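Subject: Structure for your review

Dear colleague,

Please find below the structure that I am handing over to you.

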Amino acid sequence: MASYPELKGKSVLVTGAGRGIGLAIASRFITEGAQVLLTDISPGQADLVVTAAQRKETSASFHIMDVTSSSQTEDAISQAVALHGQLDIIVCNAGTGEVAPLIEATEASFDRQMSINAKGCFLSATIAARQMLKQGHGGRIIINASGAGKIAPGKATPLGLYAMSKHAVIGLTKQLGVELAADGILVNCICGGIVDTPMWDLIDREVTQRSNTPTGSFKAEAVASIPIGRIQRPEDMANLAVYLASDDASYIAGQTLNCSGGMLPY
Ligand SMILES: NC(=O)c1ccc[n+]([C@@H]2O[C@H](COP(=O)([O-])OP(=O)(O)OC[C@H]3O[C@@H](n4cnc5c(N)ncnc54)[C@H](O)[C@@H]3O)[C@@H](O)[C@H]2O)c1
């Protein structure tokens with residue numbers, strides 16, 4: 001595992017950090033010696049990272065933040081600044097996925113997914129960017145999209161609204177990346193494939209219920225299609241997130257990078 005000493009002491013905020021990929025990203029930033037504010041609608045397992053931070057003699061804490069609320073986002077960013085002096089890096093990770101063919105998808109489901117996935121990233125990224133602009137010495141904004149932000153998941157994987165919202169997030173990265181590059185704020189996006197988190201267990205449960213097939217069978221089939229031959233771990237995403245926050249990524253802006261075990265063609 002690479003290490004990035006330049007991340008020591010950096011102030012990082014991660015959204016949706018109570019479990020899954022967000023938790024792994026927060027944990028990896030602590031390993032690098034960064035100071036992390038974990039945010040989520042509920043704490044989940046955030047205390048694991050808070051305890052790990054104490055052992056590493058750095059700082060981690062948890063703050064309630066619903067990414068759909070601009071006031072809660074403003075408040076969390078102010079909290080990161082109050083605790084750690086500034087905000088250097090934000091990881092816009094919170095997201096949700098709901099299973100339904102588009103033809104059956106409801107307006108409420110559209111609103112929920114667009115609100116959490118697309119509006120949530122828009123608010124977190126732009127409010128963080130305004131703070132970074134005020135600080136005047138650049139920053140990093142890392143947005144978590146998905147392979148579903150690049151390709152249609154297909155009929156057998158009915159995540160059409162999720163895919164729409166994740167395409168929006170990639171559009172956000174492209175435009176914001178170009179708008180902020182001259183200020184040294186580098187905005188990039190990461191796309192995972194089939195990551196072993198509660199989100200995929202939920203997708204499996206809902207798809208197998210719909211198709212009347214055994215629980216676990218959809219996930220097993222999906223994993224069998226991964227060229228690298230194993231399910232993706234949340235830590236695989238964390239590897240890419242810390243790389244994009246590091247000095248090694250100082251010439252990367254407005255890009256969307258895959259970490260999908262070879263699943264994504266572009
Ligand atoms: N699991 C995968 O296979 C996969 C693949 C590609 C991309 N992603 C993306 O990675 C991100 C994390 O996914 P995960 O698999 O860890 O999911 P997860 O469901 O395990 O965790 C998501 C976290 O986001 C939080 N969250 C939900 N709504 C929120 C809101 N309104 N405000 C703040 N936090 C909220 C949840 O409480 C939860 O802790 C998501 O954006 C997801 O779309 C996941």
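The notes below describe the sheet, the helices packed on it, and one further helix. Please bear in mind that this is a predicted model.

The model contains an open sheet of 7 strands, paired in parallel and arranged in the order 3-2-1-4-5-6-7. Strands of a sheet pair through backbone hydrogen bonds, either parallel or antiparallel. At the edges stand strand 3 (60-64) and strand 7 (256-259); each has a single partner strand, so one side of each is left without a neighbour in the sheet. From one strand to the next, the twist averages 20°.

As an example of the pairing, strand 4 (residues 89-92) runs parallel to strand 5 (residues 139-144), and the two are joined over 4 bridges. Here, cysteine 92 lies opposite isoleucine 143 in strand 5.

Helices on the sheet. Helix 3 (residues 70-84) packs on the sheet and touches strand 1 (11-14), strand 2 (35-40) and strand 3. The direction of helix 3 makes about 160° with that of strand 2. Helix 5 (residues 160-180) also packs on the sheet, where it touches strand 5, strand 6 (185-192) and strand 7. Its direction makes about 160° with that of strand 6.

Helix 4. This helix (residues 107-135) has 29 residues. From its first C-alpha to its last it reaches 40 Å, close to the 42 Å expected at 1.5 Å a residue. At serine 115, helix 4 bends by about 35°. Just after helix 4 comes glycine 136, with a positive phi of about 85°.

Yours sincerely,
A colleague

Notes. Residues numbered from 1 in each chain as written. Predicted model: local features only at pLDDT ≥ 70, side-chain atom pairs only at ≥ 80, totals over all residues. Pairing = 2+ DSSP bridges. Axes fitted to C-alpha atoms, helices over the stretch in contact; angles between N-to-C directions. Contact = placed C-beta atoms within 7 Å. Expected span 1.5 Å × (residues − 1). Bend = angle between axes of the 7 residues up to and from the residue.
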